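This briefing goes through one protein model topic by topic. Keep the sequence and the coordinates at hand while reading.

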Amino acid sequence: MYAKIRGMAETQDPVGLALVNMGVVFGAIWTSALTDRVHVSSIMGICSVGAASAVFLFWGLLASLPMLCLFGLLYRLTAGAFSANFTGIAQRVKDNDGAADTGTILGFLAAGRGIGAVASGPLSEALLHTQQWQGQAKLGYGTSYGPLLIFTGFA
């Protein structure tokens, strides 16, 4: 949908979707491998900065299909990889409290992710309908997606 409002052909949508999915796969592998070598908070910091940078630079300044594909790949490489950090988080909690149950820790992390996923739907819809920046800002920021873009980058 976003590609269409930016004037890109609908036949190019599958390319972006494939890159998004490819980014998730490689991101999960990458963060899982790093979790064994680097402290999980460092990995989450890298992923957060990477995801915010992808949103603000590549989605916000989007002007062409290659930039959209680069955004999809980089965003999902970093933001899509957060769930792969769950085992590293559980391990750090167990290191601090040996009596902590790994299943309970993972359950709480998954529940938090689920609550965020459910809450983000109505919130995204509300942000798309504000349209307060439409036509007043440049590139992606000046579309109906502008407020959503800013929220996504900061969240």
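Which residues lie nearest the centre of the largest pocket? They are Tyr75, Ala79, Phe82, Thr152 and Ala155, from a lining of 22 residues. The model is a predicted one. It has seven helices and zero strands, and buried residues make up 31% of its 155 residues.

**Overall make-up**

- Read from the N terminus, the elements follow the order α-α-α-α-α-α-α.
- The accessible surface of the protein is about 8800 Å², and carbon and sulfur atoms account for 67% of that area.
- Taking contacts between residues at least 6 apart in sequence, 64% join residues at least 24 apart.

**Largest pocket**

- The space in the largest pocket comes to about 740 Å³.
- Helix 3, helix 4, helix 6 (102-130) and helix 7 each contribute at least two residues to the lining of this pocket.
- Helix 6 provides the largest share of the lining, with six residues.

**Largest nonpolar core**

- The largest nonpolar core holds 13 residues. Val55, Trp59, Leu68, Phe71, Leu148 and Leu149 are the members that touch the most other members.
- Helix 3 (40-59), helix 4 (65-78) and helix 7 (146-154) each supply at least two residues of this core.
- The most comes from helix 4, which gives four residues.
- Leu68 is located in helix 4. Its relative accessible area is 17%, so Leu68 counts as buried, the limit being under 20%.
- Leu57 belongs to helix 3. With a relative accessible area of 46%, Leu57 is partly exposed.
- From Leu57 to Phe71 the C-alpha distance is 8.3 Å, and the two residues are 14 residues apart along the chain.

**Helix 7 and Leu149**

- Which residues of helix 7 are buried? They are Gly146, Pro147, Leu148, Leu149 and Gly153.
- Helix 3 and helix 6 are included in what covers these buried residues.
- Leu149 is one of the residues of helix 7, and its relative accessible area of 0% places Leu149 among the buried residues.
- Leaving aside residues up to four places away in sequence, Leu149 touches Val55, Phe56, Trp59, Gly60, Gly140 and Tyr141.
- One of these contacts, Gly60, is 89 residues from Leu149 along the chain, yet the C-alpha atoms of Leu149 and Gly60 are separated by 6.8 Å.

**Thr35 in helix 2**

- Is Thr35 buried or exposed? Thr35 is buried, at a relative accessible area of 12%.
- This residue is part of helix 2 (residues 13-35).
- Beyond residues up to four places away in sequence, Thr35 is in contact with Ile43, Ala84, Asn85 and Gly88.

**Salt bridge**

- How many salt bridges does a search of the whole structure find? The search finds one salt bridge.
- The side chains of Arg92 and Asp95 form a salt bridge, with 3.4 Å from N to O.
- Arg92 and Asp95 are about one helical turn apart, because they are three residues apart in helix 5 (residues 86-96).
- An α-helix has 3.6 residues a turn, so residues three or four places apart point the same way.
- Arg92 is partly exposed, at 29% relative accessibility, and Asp95 is also partly exposed, at a relative accessible area of 47%.

Note on methods
Residues are numbered from 1 along each chain as its sequence is written. This is a predicted model: local features need pLDDT of at least 70, side-chain atom pairs count only at pLDDT 80 or more; totals for chains, interfaces and linings use all residues. Side-chain values use heavy atoms; hydrogens and water are left out. Buried means under 20% relative accessible area, exposed over 50%, partly exposed in between (1.4 Å probe, protein chains only). Contact means heavy atoms within 4.5 Å. Accessible areas come from the Shrake-Rupley method with a 1.4 Å probe; for residues, only the protein chains shown count as cover. A nonpolar core is a set of buried Ala, Val, Leu, Ile, Met, Phe, Trp, Tyr and Cys residues joined through side-chain atoms within 4.5 Å. A salt bridge is a side-chain nitrogen of Lys or Arg within 4 Å of a carboxyl oxygen of Asp or Glu. On a 1 Å grid over the protein atoms alone, a cavity is a set of points where a 1.4 Å probe fits but cannot get out, and a pocket is an open set with protein on both sides within 12 Å along at least five of seven lines; lining residues have an atom within 4 Å of a point. Grid points are joined across faces, edges and corners, and a volume is the space filled by probe spheres set on the points.
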